[in-house]
Amino acid sequence: MTEMIDNAVKVENLEKSYRKIKAVDGISFDVPEGEVFGLLGPNGAGKTTTIRILLTLIKPTSGSARIFGMDTLQQSDKIRQISGYVPQGISVDGEITAYENMLIYSKLYGLPPANRKKRINEILEYIGLADRAKDMVKTYSGGMMRRLELAQSLINRPKILFLDEPSIGLDPNARNAMWEMVRKLRRELGSTIFLTTHDMVEADTLCDRIGIMDRGKLVVIGTPNDLKATVGGDVVTVSAKNASLSEVIEQLGYQTIGEPSNGTADLLVKNGEKAIPRIVEAFKGKGVELDSVFLKKPTLDDVFLKYTGSRIDDGAGWAQAKKTRMTYRRMAK
Amino acid sequence: MKLKRFITSMLAITELELRKIRHDQSQIWMRLIQPILWLTVFGVTFSAIRVIPTGDYTYLQFLTPGILAQSVIFVAIFYGINVVWERDLGLLNKLMSTPAPRSSIVLGKSLAGGLRGILQALGILLIALVIGIDLILTPLSILGMLVIIILCGICFSSMSMALASIFRTRERMMGVGQAITMPLFFASSAIYPVSIMPDWLQVIAVANPLSYVVDALRSLLVTGDLSGLGLDVLILVASAAVLLFLASLGFKRMLV
């Protein structure tokens, strides 16, 4: 007898349309149990919509999604019971204490009364908030609030954890603390983690595999290293105040990622360190004096550029999320 | 088992709302100011000029149940704003991702609206006693009053939540709340008997759940004539059921 081991997530031809817009446009992928999987893409790519379908919060227009073999349309209660969710917005109530937030959710997940107190204290201890458990959440910093949200999502010991932009709106310290926490969860509890992010560094450091999403479509999927290898070399960024930069590049026969703009171009070369002197010479030979030359190993941003033709714009979403949180704390006070 | 889960979720939501009130009790005291003014300024003035026929009872006696009901609906009718606010923040999103049935969330919230009404009702009752309004206060009449107040809170907070799913922004909900509270209040028997209203207003008053709240409270606290109480309760329970159903339907729409 062979036993089928279900994937943690199995998505087939998933589609979600709102009137004219296709938020999710026919995506398919699998996430094996125990993996940290990330959907990387700009705002509006359809990442959050995908998470919400997986969590049974909204219904897909067509296609199917299964969590540990359970259909999101037919077994929503069971899926919710084994899932943890940290939404992009705010999910803890500022007007009660951290302990109370945890207590209410322990009841909503149907934890037996005898276990509640112990479990809550364990999780708060684990997440490093035990000493602030009795404080009102509105007195928390953004990073602490985010950690409490993570704690709250662990109350039912989820088999799969959904993190929607886990570090959005956090300052660099809080962001690092959040990442450390996610790694710890993965290391110590072995949870399957499904996250979305527009932050390529986050995707690179946290995820085993990444799916790049753009305008509702899943463009490419793979491990960070495999994806970066597909860029096909190192990236040498050259800039010069010369309008004919793209012509010169064409004449010299260099490959670029994306189109040169604002007098800057990303050249794709093998062995970047050794290529730089030759590049400078070659441009000089064409009468172009380069202002700067910059070498970098390919990043996921380059991968994104290669597959979608544009860079991930990360300005607006971050600022917006931070602002929402600050407004919330101010209003709660 | 399913029922037990439903009740646990519902009570957890109610508990959440009540804990918030416990942490910030000032809102309860603030909400007592308006009813005090209605009783001490409006009530006392209209008693003095004797323009409203209230039979064997003083105008203040007649008015007190109306003000009790009013204080509950004025809070409950804005309940939907909280829901919109929670939706905007993301709290609702998180709440809906738990296994708690949606209807238990709605019921839990409106039950909290009702229980909150109780705190206010007790405050107003105390004030009524202080200014010497003669009311029937037996354990049974007070218990009856509490039940009616809870039903009233459930009715109007569900109405507000159902409206919130249609209007969807806090600003619009402020407007909607203000637009409907006064008509609800004036087209009921809260401050004058239905019998002195023009015919068209009487029709509205009969369809207005608030009239039955006031009627029930008046028979419990003022007249002691409980013959109509059964019908009042029946109508209130039915209204609550319909409004809860509409609010639960609306809750789904809130998330899309």
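Analyst: Helices are DSSP runs of H or I, at least four residues, numbered from the N terminus. The model is predicted: local features need pLDDT of at least 70, side-chain atom pairs 80 or more, while totals for chains, interfaces and linings use all residues. Residues are numbered from 1 along each chain as written, with chains lettered from A and ligands numbered from 1 in written order.

User: What makes the span of helix 10 of chain B agree with expectation?

Analyst: The expected span is 1.5 Å times one less than the number of residues. Helix 10 (residues 209–223) has 15 residues, so it should span 21 Å; its end C-alpha atoms are 20 Å apart, which agrees.

User: What makes a nonpolar core?

Analyst: Buried Ala, Val, Leu, Ile, Met, Phe, Trp, Tyr and Cys residues, joined through C-beta atoms within 7 Å. The largest one here has 154 residues; B:Ile73 and B:Cys152 are among those with the most contacts inside it. Helix 7 (residues 139–167) of chain B gives the largest share, 14 residues.

User: How do you know that this core lies between domain 1 and domain 2 of chain A?

Analyst: Domain bounds come from an automatic or database assignment. Domain 1 (9–227) and domain 2 (233–297) both give residues to the core, so it lies between them.

Note on methods. A residue is buried if 20 or more other C-beta atoms lie within 10 Å of its own, exposed if 12 or fewer, and partly exposed in between; C-beta atoms are placed from the backbone. Helices (H or I, at least four residues) and strands (E, at least two) are DSSP runs, numbered from the N terminus.
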